[in-house]
Amino acid sequence: MSFIFFSLPDCTRAAEQLKNNPRHKSYLEQVSLRQLEKLFGFLRGYLSGQSLAETMEQIRRETTIDPEEDLNKLDDKELAKRKSIMDELFEKNQKKKDDPNFVYDIEVEFPQDDQLQSCGWDTESADEF
């Protein structure tokens with residue numbers, strides 16, 4: 001394998017190239033693309049002289065979603081990356097039929113009207129529109 005990934009700032013592309021390489025495909029089919037991206041991130045950090053702690057913090061920032069971040073301001077590439085992270089988190093947290101804590105039909109009791117806090121957007125009547 002050539003060491004082309006050292007010059008790539010985008011670890012995603014390097015991970016995709018490695019995973020899709022016919023020589024390595026059979027070895028890497030059980031390894032997620034996200035894990036390969038993190039591996040390339042560690043390599044990139046090591047080669048640029050970062051400490052392990054700095055590299056881990058940078059990877060944590062790149063692989064988590066900031067709930068305060070305005071996703072409308074991101075370009076298509078960054079938005080796709082955030083969506084991928086959210087999809088992976090959803091899959092990880094999703095309860096499936098085979099899970100020991102899986103419950104098919106969950107019933108939830110909601111508080112009565114007097115316990116609810118009112119919002120301004122739902123107090124106007126339909127006639128006002």
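Residues are numbered from 1 along each chain as its sequence is written, and side-chain values rest on heavy atoms, with hydrogens and water left out. Since the model is predicted, local features need pLDDT of at least 70 and side-chain atom pairs count only at pLDDT 80 or more, while totals for chains, interfaces and linings use all residues.

A nonpolar core here is a set of buried Ala, Val, Leu, Ile, Met, Phe, Trp, Tyr and Cys residues joined through side-chain atoms within 4.5 Å; buried means under 20% relative accessible area, exposed over 50%, and partly exposed in between (1.4 Å probe, protein chains only). This core has 7 residues: Cys11, Ala14, Ala15, Leu18, Leu28, Leu36 and Phe40. Two or more of them come from each of α1 (11-20) and α3 (33-47), with α1 giving the largest share, 4 residues. Helices are DSSP runs (H or I, at least four residues), numbered from the N terminus.

Next come the pockets. A pocket is an open set of points on a 1 Å grid over the protein atoms alone, where a 1.4 Å probe fits, with protein on both sides within 12 Å along at least five of seven lines; lining residues have an atom within 4 Å of a point. The largest pocket holds about 420 Å³ of space. It has 21 lining residues, and Asp10, Thr12, Arg34, Glu37 and Lys81 are the closest to its centre. Helix α5 (76-93) supplies the largest share of this lining, 7 residues. The second largest pocket, at about 160 Å³, is lined by Arg34, Lys38, Thr63, Ile85, Glu88, Leu89 and Lys92. Here too α5 gives the most, with 4 residues.

Finally, there are 6 salt bridges, counted wherever a side-chain nitrogen of Lys or Arg lies within 4 Å of a carboxyl oxygen of Asp or Glu. In one of them, Glu88 pairs with Arg34, with the closest N and O atoms 3.1 Å apart. Glu88 sits in α5 and Arg34 in α3, so this pair ties together parts 54 residues apart in sequence. Arg34 is buried, at 9% relative accessible area, whereas Glu88 is partly exposed, at 38%. Together with Glu37, these two residues form a network of salt bridges. Another salt bridge joins Glu57 and Arg60 (2.5 Å, N to O), both in helix α4 and 3 residues apart, about one turn of the helix.

Notes: Grid points are joined across faces, edges and corners, and a volume is the space filled by probe spheres set on the points.
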